[in-house]
Amino acid sequence: MSTLNALVFSNGIEGIEQLYRSDPGVQYDFLTLGPDHPHDFTAYDLLIAPNGTDHVALYQMRREIAEFLEEGKTLFCFDGWFTDWVPGNRWVMDNSQKSKEVRYHIKDDPFELRRHFRIEDLNFSHGISGWWACGYIEPGPGAITVLVDTWKRPLLVIDAQSTNGLMVLTASGPLGNSSYATTDDAKAHQAMAGLYQGLIQFVKQMNVLSV
Amino acid sequence: MKKPKIGLIFNGVWSQYAFAKAPKYRKHYELLYIHELEAQHVNTLEALVIPFQSNQAAIAKRQSLIYDFLAAGKKVFVEGDSSAHWLDATWEDRPVNNYWWVKNPEHPPVSKTDYSHPLFRGLKPRHAFWHYHGVYTRIPQAARAIQVNQEKEVITWETGQYGGTLLVTTLDPIVEHGVQQITHLDHFCDQLTEWLVGIRPRGKFVVKPEDYGVAWA
């Protein structure tokens, strides 16, 4: 597969287009969520729910998203989905731990995503820890937990079991080509963008294998 | 149980939801989903809050609802970015400096705050400012600046020209308190609630796990 066709859910938030810019590998379209939801995802290989997504709208669209996944396609959710629209997985907000105690660790990495970023660079933005993710994920059975926090709570999960498709989920950790307002620390930014590129390459490999 | 007096206009963003669902605030704030919002939903409310990461275009479609609310003598608080088509002001983006307190703690980006305003009265400087999302380079003629940055650009302003009180800031207390990475925002948000409706919330910000992974009617 030479080009992934991706659809980014837009919530009308300032700067969203800067996060995902089309290149020869990925063509991005943006769907601004609103009161009317015409949902024809057949032209797309990948749906992206970025930081700041409308989880009321996506809950209302959950059946279409489930059908999209059943076609063997891919969902990225880089936000805290407080409504139950992500099949088989749950995100839970939590404030019981202090940000300064948070460290990210690689747990299981069968797809060698670590080749694309340095975990030590993701850990700090301008020397501040705990900046990237919020809360934790309760993964579906058989899902792979790639990243965990200090208390071994899942922060990045790849789930190829809950549906016929592939889900890449973060505990609200933003991922994209660029960062709008989350960090401008060069190393943290590179880690975030590198991990995103690694995931894009992984999805393209998976799509080739499934053809 | 009494109905909340503050409407929190929300576009499905989790941090807005987390704030309004926290037991400390849920009795005061009612989530109003922007795409279903009608005038009848705000008639009994005393104040409206429009948080950071709002859908500005969707709000612009309900501009008359907000200005009618103000015309009734009520309060509207607007936070965060507002590249809006519904405010008589000009917002411009700026880099978000959320690390000044590590790099240069003696020189915060905000240089001046009017602590005589009831929203800021009694707050310590570290409780009155953490970071901002852009600035206003133009505010309505009858408005007054309450908070400015080192470059004298406006961070917070207020006007009574629409009947009630419209207070606009590029701070993001509601969203940032929902995120819970800054641990001292109770001070600002409690003061905000008291300024809006005369009630000061008490207690700690608690997250209830059962509020997550929910169905939505």
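In chain A, eight strands build an open sheet with mixed pairing, in the order β2-β1-β3-β4-β12-β11-β10-β6. Its edge strands are β2 (26-32) and β6 (105-106) of chain A, and each of them pairs on one side only. The model is predicted.

One pairing in this sheet can be followed in detail. Strand β1 (residues 4-10) of chain A runs parallel to β2(A), and seven bridges join the two.

Past β2 comes a loop. A:A43 sits in this loop, between β2 and β3 (46-49) of chain A. Is A:A43 buried or exposed? A:A43 has 9 other C-beta atoms within 10 Å, so A:A43 is exposed; the cut-off for exposed is 12 or fewer. A:A43 and A:A193 lie 150 residues apart in sequence. In space, their C-alpha atoms are 25 Å apart.

Next, the interface. On the chain B side, 32 residues are in contact with 32 residues of chain A. Which elements of chain B give two or more residues to the side that touches chain A? They are α1 (14-21), α3 (56-61) and α5 (100-103) of chain B. The residues on this side divide by class as follows.

| Class, side of chain B that touches chain A | Residues |
|---|---|
| Nonpolar | 19 residues |
| Polar | eleven residues |
| Charged | two residues |

Note on methods:
Residues numbered from 1 in each chain as written. Chains lettered and ligands numbered in written order. Predicted model: local features only at pLDDT ≥ 70, side-chain atom pairs only at ≥ 80, totals over all residues. Contact = placed C-beta atoms within 7 Å. Helix = DSSP H or I, 4+ residues; strand = E, 2+ residues; numbered from the N terminus. Nonpolar A, V, L, I, M, F, W, Y, C, P; charged D, E, K, R; others polar. Pairing = 2+ DSSP bridges. Buried ≥ 20, exposed ≤ 12 C-beta atoms within 10 Å, placed from the backbone.
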